[in-house]
Amino acid sequence: MATVKVGINGYGTIGKRVADAVRKQKDMEVVGIVKAHPNYETRMAVQKGFAVYAPAENVDLFKEAGIEPAGTVDDLIKEVDIMVDCTPGNVGQYYKDKYQAAGVKAIFEGGEEHSLTGVSFNSTANYQESWGVQFSRVVSCNTTALLRTLGPLDKAFRIESAYVTIIRRAADPGDSKTGPVNGLEPSVRLPTHHGPDVQSVMPWLNITTMAVKVSTTLMHVQTVVAKLGRDATTEEVLAVLRAAPRVRLVKAADGIKSTNQIMEMARDLGRDRSDMYEIVVWEEGVKVVGDTLYYYQAVHQESDVIPENVDCIRAMCKMADGPASVAQTNQALGIDH
Ligand SMILES: NC(=O)c1ccc[n+]([C@@H]2O[C@H](COP(=O)([O-])OP(=O)(O)OC[C@H]3O[C@@H](n4cnc5c(N)ncnc54)[C@H](OP(=O)(O)O)[C@@H]3O)[C@@H](O)[C@H]2O)c1
């Protein structure tokens with residue numbers, strides 16, 4: 001079977017991970033990546049053997065830096081079946097017009113609004129909605145995390161309402177442009193956008209969110225309080241979470257009490273860039289009282305959306321059904337279930 005030809009526009013935190021993840025799949029290939037400026041990441045992409053393309057207006061910058069681009073963004077668009085657009089938020093409309101004109105499919109990321117594509121994606125909650133579409137959007141890291149656990153819990157217990165507080169990392173580890181570096185910064189526009197973003201995939205879910213930015217770069221933590229449709233036991237909930245795709249249960253009693261210890265475990269797993277693709281739930285932190293469920297989960301913001309991007313390519317290019325794609329992606333990326 002011919003492999004699907006993928007281009008990646010934007011080679012930052014998300015784009016470079018998507019490029020490596022796509023390269024690991026047997027049924028797709030990376031035709032090229034787009035980097036806006038020449039720097040060490042651009043040289044690394046060349047070293048890894050990716051064909052590097054540049055925005056037309058920056059081609060001279062690349063040449064001056066000693067990097068010969070394989071072509072412009074427009075050239076790459078002509079060579080692919082699908083683009084994964086990992087440019088910064090709000091650049092999407094500019095590129096969508098180009099993809100549309102070329103008749104090429106494209107995936108956008110969580111920095112874009114749902115309205116850009118009209119379809120948003122999560123591998124287990126709504127895979128089928130992106131089947132064959134020209135444009136879809138893989139929701140943000142926090143939204144992906146909430147869907148990973150609330151999706152299966154809603155199927156099992158029918159959630160009546162969910163209240164979530166997101167304790168957000170201030171910046172990605174490689175960033176030096178955002179903060180706070182020594183403070184806690186509540187999002188004062190309430191409720192925050194995360195609830196409606198979850199509803200772009202599960203419109204029926206009654207969910208309300210708040211968020212506080214904190215001075216850490218490793219992970220987000222989410223605290224969830226959900227009213228279930230019936231009384232349940234903690235064990236029943238744990239059984240659902242254990243079976244949920246891309247959810248990993250850890251124990252504080254085992255020495256994993258904090259996000260830095262989760263990332264230490266991720267380093268020990270030996271995956272690319274020490275990524276933790278799964279949403280991590282503290283087992284002892286799951287508690288049901290009557291019909292009210294409480295839990296905490298940790299989110300590796302740089303990588304939880306990576307397997308979803310691979311699955312979204314399969315859905316949009318009609319390559320495999322949801323469970324088959326999830327299994328295939330998991331196997332290629334070393335995710336247990
Ligand atoms: N970082 C996260 O934790 C995270 C998690 C989930 C989803 N997302 C979403 O993923 C998307 C990408 O975020 P990111 O964190 O990966 O951003 P990033 O690290 O800032 O990377 C953005 C990339 O896009 C390139 N770029 C910038 N302007 C461009 C343009 N006009 N045309 C083509 N390429 C351009 C940049 O190149 P230069 O560096 O050369 O300028 C860089 O390679 C956003 O929608 C974001 O909301 C991010």
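Mentor: Let's start with a rule: two strands count as a pair if DSSP finds at least two bridges between them. Keep in mind that this is a predicted model.

Trainee: Okay. How many bridges join β9 to β12, and do they run parallel or antiparallel?

Mentor: Strand β9 (residues 159-169) and strand β12 (residues 220-228) run antiparallel, joined by eight bridges. For a spot to look at, find A162, which has A226 of β12 opposite it.

Trainee: In which sense does β12 pair with β16?

Mentor: Antiparallel again: β12 and β16 (residues 292-299) are paired over eight bridges. Here Q222 has Q297 of β16 as its bridge partner.

Trainee: Now the other sheet. In what order do the eight strands of the open sheet come?

Mentor: Read across the sheet, the order is β4-β3-β2-β1-β5-β6-β8-β7, with parallel pairing. The edges are β4 (71-72) and β7 (120-121); each has a single partner strand, so one side of each has no neighbour in the sheet.

Trainee: What joins β7 to β8?

Mentor: Two bridges, with β7 and β8 (residues 135-138) running parallel.

Trainee: On to helices. At what angle do α6 and α8 pack?

Mentor: For a helix pair, look at the angle, the axis distance and then the contact residues. Helix α6 (residues 141-157) packs on helix α8 (residues 234-243) at about 130°, and their axes are 9 Å apart. That angle makes α6 oblique to α8. The crossing is right-handed. On the α6 side the contact uses T149, P152, L153 and A156, and on the α8 side V237, V240 and L241. By class, that contact has six nonpolar residues, one polar and no charged ones.

Trainee: And how do the axes of α10 and α11 cross?

Mentor: Helix α10 (residues 306-316) and helix α11 (residues 322-333) have axes that come within 9 Å and cross at roughly 140°. These two are therefore oblique to each other, and their crossing is right-handed. From α10 come P307, V310, D311, R314 and A315; from α11 come S325, V326, T329, N330 and L333. This contact has five nonpolar, three polar and two charged residues.

Trainee: Which residues come nearest to the ligand?

Mentor: With a ligand, ask who comes nearest, then what the shell is made of. There are 27 residues around the ligand, and G10, G12, A36, E109 and G111 come nearest. Helix α1 (residues 13-23) gives the most to that shell, with three residues. By class, the shell has 12 polar, 10 nonpolar and five charged residues.

Trainee: Where is P191 found, and is its peptide bond from L190 cis or trans?

Mentor: The bond from L190 to P191 is cis, with omega near -15°. P191 lies in the loop between β10 and α7 (194-199).

Trainee: And what about the phi of R273: positive or negative?

Mentor: Positive, about 55°, although R273 is not a glycine. Look for R273 in the loop between α9 (259-269) and β14 (279-282).

Key. Residues numbered from 1 in each chain as written. Predicted model: local features only at pLDDT ≥ 70, side-chain atom pairs only at ≥ 80, totals over all residues. Near = placed C-beta within 6 Å. Helix = DSSP H or I, 4+ residues; strand = E, 2+ residues; numbered from the N terminus. Nonpolar A, V, L, I, M, F, W, Y, C, P; charged D, E, K, R; others polar. Axes fitted to C-alpha atoms, helices over the stretch in contact; angles between N-to-C directions. Parallel < 35°, antiparallel > 145°, perpendicular 65-115°, else oblique. Left-handed = near helix turned anticlockwise from the far one by under 90°. Contact = placed C-beta atoms within 7 Å.
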